[in-house]
Structures are given as C-alpha cells and as structure tokens.
Amino acid sequence: MSTHIGAEPGQIAPTVLLPGDPYRARWAAETFLEGAELVNDVRGMLGFTGTWKGHRVTIQGSGMGMPSLSIYVNELIRDYGAETLIRIGSCGGMQEKVKVRDVILAMTASSISTPSRGIMKEINFAPAADWGLLQAAARAAESREVGLHIGGIYSSDTFYDERPDLNEQMVRHGILAVEMEAAELYTLAARHAKRALAVLTVSDHLQTGEALPASERERSFGDMVEIALEAAFE
Ligand code: HPA
C-alpha cells in the first residue's frame, strides 16, 4: 500500500479513471466494469478494479481540488505504475455555446496555481492533454449523440469564487468551462511521461445559472465514462 491508497501492488490497473467523487467511482465501476472489486477505501476515497471489454481498469476517486488529486495521482504513478490517467468529472460551462449535458475534452488547462507551482517558479507551464488520447476521445464522442466541445478549460482553486474578474478573463479568452483538477493532472502526467486527459460533463453554467437535474446526471455521466474507456483502449 502507499500512504493514501490501501491496494496491494498489482491491484491497480495501468489505466485509471479518476472521478472526483468516490461514490461516482463505485457507480461507474458497478455500471461499466466486469468483476469490479474494491481495492481502496482509505479515507473513504473508494477505488475499484475490474475489466472493460477484457481490459483491466481501475476507477479511483481523486477528491475535489488539485491538492487532493495530486496525492492520488502521484501515488498511482509512483507506487502502482499507472500509465493512462483519465479524469471523469463535472464542470461549469463558461461560453454561451456550451450547454448543460455537453461533453468537454480539455485540450489545455489554465490556472492561477497548481500544487506544482513551487517547482515551476517563474515558468507559466502549459498543461496539455495527451494528443493520442484526445484524438481517440474525440472519435468516441463523435460517434454518439452528445454535444461535444474540445478546447481549453480553467482549473480553479475555488468553487465559491470571490474573483469574478478571473472568470471574465477566461471567458474572454475562449475558455470553455471551469473545474478544479485537470491542470495538476496534466502537469504530473507530463513530469512522469504518462498519458492524461480530462473528459468532463457540463453540470452547470456560470452565465445562465442552468444546472443538470439530479435525475439526468447518471445518463450524462455515463456518456463521459464510455468515452473515457473507449479512448483509453482504442
Ligand atoms: N466551478 C468549479 N468547479 C466546478 C463547477 C464550477 O462552477 N461546476 C462543476 N465543477
């Protein structure tokens, strides 16, 4: 086991899907994987390993925000040999053309800081998705009936935002949506030469105030999980 993951070596698959919510990890594992087994419950941050179309997959909760995700991704890479890491999560739409229920593939993730800021110092590093994964996810998304957007997102440190001017600049620069994890995922993947992508469902919209009703969340999140799995194994 590692510091925050209780799995034995070998219990984590090389391909890991990372929802923020541990209960969504359980739902996705029970819905999409065969033979899913609980491999981590340290701090209630559930992780499951099973197979999808014969491929081993782990679905591990990352928690909310970059410091939490950073802990899990560091340990998944260093202690368990994770090679492909795909965040599956929700985001807030920032452009008019982005609608609730749409799927966003995050090509880049801007931020004002990440846990990696300390080593980047004066560099404004540009966290970017793995191109092969992004292409494969685009193909998987285009073959289903979802509104699809591919472009830059904003990884914020706050959900309750006291700096509306930052959001304004993001909107002005064409950023599609806001969430709280992808920039650090992409930075860690770059550092360790791993593949990473964030596949996101628009759960709410900053300008219109529209929000996905709870009853529809499952269906929309299902598209996102299937896109992530198809991209991982294309
Ligand atoms: N802000 C930050 N993260 C989010 C949001 C939001 O509005 N919606 C879903 N994740």
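Buried means under 20% relative accessible area, exposed means over 50%, and partly exposed lies in between. The legends below use these words for a predicted model.

**View 1. Glu-226 on helix α7.** Glu-226 belongs to helix α7, residues 214-232. Its relative accessibility is 28%, so Glu-226 counts as partly exposed. Which residues does Glu-226 touch, not counting residues up to four places away in sequence? The partners are Phe-32 and Arg-144. Ala-28 is 198 residues from Glu-226 along the chain.

**View 2. The whole protein.** The fold holds seven helices and nine strands. The C-alpha atoms fill a box of roughly 45 × 40 × 30 Å along the principal axes. A compact globule of 234 residues would have a radius of gyration near 17 Å, and the protein has 16 Å, which agrees. Of the 234 residues, 55% are buried. Take the contacts with a separation of 6 or more: 77% of them join residues 24 or more positions apart.

**View 3. The surface and its charges.** The accessible surface comes to about 10,800 Å². Carbon and sulfur atoms account for 51% of that surface. The protein carries 21 positive and 31 negative charges. How far apart are the mean positions of the positive and negative charges? They are 4 Å apart.

**View 4. Helix α2, an enclosed helix.** Helix α2 runs over residues 66-80. At 1.5 Å a residue, its 15 residues should span 21 Å; the end C-alpha atoms are 20 Å apart, which agrees. Is α2 largely enclosed or largely open? Of its 15 residues, 11 are buried, so α2 is largely enclosed by the rest of the structure. Among the buried residues are Met-66, Leu-69, Tyr-72, Val-73, Leu-76, Ile-77 and Tyr-80. Ser-68, Ser-70, Asn-74 and Glu-75 are buried too. Which elements do the buried residues of α2 pack against? Four are strands: β1 (15-18), β4 (55-60), β5 (84-93) and β7 (148-155). The other is helix α6 (182-191). Gly-81 follows α2 and has a positive phi, near 70°.

**View 5. Helix α4 and its alanines.** Helix α4 covers residues 131-142, 12 residues in all. From first C-alpha to last, α4 reaches 16 Å, close to the 16 Å expected at 1.5 Å a residue. Which residues of α4 are buried? They are Leu-133, Leu-134, Ala-136, Ala-137, Ala-138, Ala-140 and Ala-141. These buried residues pack against strands β5, β6 (103-110), β7 and β9 (195-205). They also pack against helix α7, the helix that holds Glu-226.

**View 6. Lys-53, a positive phi in a loop.** Most residues other than glycine have a negative phi. Lys-53 has a positive phi, near 50°, and is not a glycine. Where does Lys-53 lie? Its place is the loop between β3 (47-52) and β4. Is Lys-53 buried or exposed? With 64% relative accessibility, Lys-53 counts as exposed.

**View 7. Ala-193, a positive phi in another loop.** Phi of Ala-193 is positive, about 55°, although the residue is not a glycine. Ala-193 sits in the loop between α6 and β9. Its relative accessibility is 68%, so Ala-193 counts as exposed.

Technical notes. Residues are numbered from 1 along each chain as its sequence is written. This is a predicted model: local features need pLDDT of at least 70, side-chain atom pairs count only at pLDDT 80 or more; totals for chains, interfaces and linings use all residues. Side-chain values use heavy atoms; hydrogens and water are left out. Helices (H or I, at least four residues) and strands (E, at least two) are DSSP runs, numbered from the N terminus. The radius of gyration is taken over C-alpha atoms; the globule rule is 2.2 Å times the number of residues to the power 0.38. Buried means under 20% relative accessible area, exposed over 50%, partly exposed in between (1.4 Å probe, protein chains only). Contact means heavy atoms within 4.5 Å. Accessible areas come from the Shrake-Rupley method with a 1.4 Å probe; for residues, only the protein chains shown count as cover. Lys and Arg count as positive and Asp and Glu as negative; His and the chain ends are not counted. The place of a charge is taken as NZ of Lys, CZ of Arg, CG of Asp or CD of Glu. The expected span of a helix is 1.5 Å times one less than its number of residues.
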